[in-house]
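Let's walk through this fold together, one packing contact at a time. Keep the sequence and the model side by side as you read.

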Amino acid sequence: RTHGHDIRLTVKEAAILKLLCCSDGQPVDRQILMQQVWGSVVPATVHRLEMHIHRLRQKIERDPRRPDLLVTLSGGYQLGQAPN
């Protein structure tokens with residue numbers, strides 16, 4: 001649930017959020033996300049990860065162009081604080 005609405009996540013989106021939630025607020029490197037979410041079965045690319053991040057932001061951010069919850073950092077991503 002976000003912003004008072006139920007949202008549906010894909011398996012990959014849920015896996016990305018789970019990894020970010022388990023990182024105790026620390027940034028997670030793109031390579032680690034790709035390895036943990038896609039594993040070695042399907043080769044992941046940075047572009048594929050960024051597409052999933054983009055779609056996830058469309059679902060959870062108030063303004064996806066200015067993300068507060070799913071923040072991009074140098075080399076990776078981090079969960080931020082929800083705005084008041």
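α1 and α2 pack with their axes 10 Å apart, at an angle of about 130°. Here axes are lines fitted to C-alpha atoms, for helices over the stretch in contact, and angles run from 0 to 180 degrees between N-to-C directions. The two helices α1 and α2 are therefore oblique to each other; angles under 35 degrees count as roughly parallel, over 145 as roughly antiparallel, 65 to 115 as roughly perpendicular and the rest as oblique. The crossing of α1 and α2 is right-handed, a term that applies if the near helix is turned clockwise from the far one by less than a right angle, whereas anticlockwise makes it left-handed. To find the meeting place on screen, look for Lys-12, Ala-15, Ile-16 and Leu-19 in α1, which meet Leu-33, Gln-36, Val-37 and Trp-38 in α2. Contact means heavy atoms within 4.5 Å.

A word on the source: this is a predicted model, in which local features need pLDDT of at least 70, side-chain atom pairs count only at pLDDT 80 or more, and totals for chains, interfaces and linings use all residues. Residues are numbered from 1 along each chain as its sequence is written, and side-chain values use heavy atoms, with hydrogens and water left out.

Now step back to the whole protein. It has three helices and three strands, and from the N terminus on the order of elements is α-β-α-α-β-β. Helices (H or I, at least four residues) and strands (E, at least two) are DSSP runs, numbered from the N terminus. Of the 84 residues in the protein, 30% are buried; buried means under 20% relative accessible area, exposed over 50%, and partly exposed in between, with a 1.4 Å probe and protein chains only. Among contacts between residues at least 6 apart in sequence, 49% join residues at least 24 apart.

What does α3 do next to α2? The axes of α2 and α3 come within 10 Å and cross at roughly 85°. The helices α2 and α3 are therefore roughly perpendicular to each other. Where they meet, Arg-30, Gln-31, Leu-33, Met-34 and Trp-38 come from α2, while Val-46, Arg-48, Leu-49, Glu-50 and His-52 come from α3.

Helix α3 itself covers residues 46-60, which is 15 residues. From first C-alpha to last it reaches 21 Å, close to the 21 Å expected at 1.5 Å a residue; the expected span is 1.5 Å times one less than the number of residues. Which residues of α3 are buried? They are Leu-49, His-52, Ile-53, Leu-56, Arg-57 and Ile-60. They cover an arc of only 140° around the axis, which puts them on the same side of α3. The buried residues of α3 pack against α1 (11-21), α2 (30-38), β2 (70-73) and β3 (76-79).

At 12% relative accessibility, His-52 counts as buried. Not counting residues up to four places away in sequence, His-52 touches Thr-10, Lys-12, Glu-13, Ile-16 and Trp-38.

Asp-29 sits in strand β1 and, at 33% relative accessibility, counts as partly exposed. Leaving aside residues up to four places away in sequence, Asp-29 touches Gly-75 and Gly-76. The C-alpha atoms of Asp-29 and Ser-74 are separated by 8.5 Å, although these residues are 45 residues apart along the chain. Asp-24 lies in the loop between α1 and β1 and is exposed, with a relative accessible area of 71%. Asp-24 has a positive phi of about 55° although it is not a glycine. The C-alpha atoms of Asp-24 and Gln-78, 54 residues apart along the chain, are separated by 9.5 Å.

Definitions and conventions:
Arc of directions from axis to C-beta.
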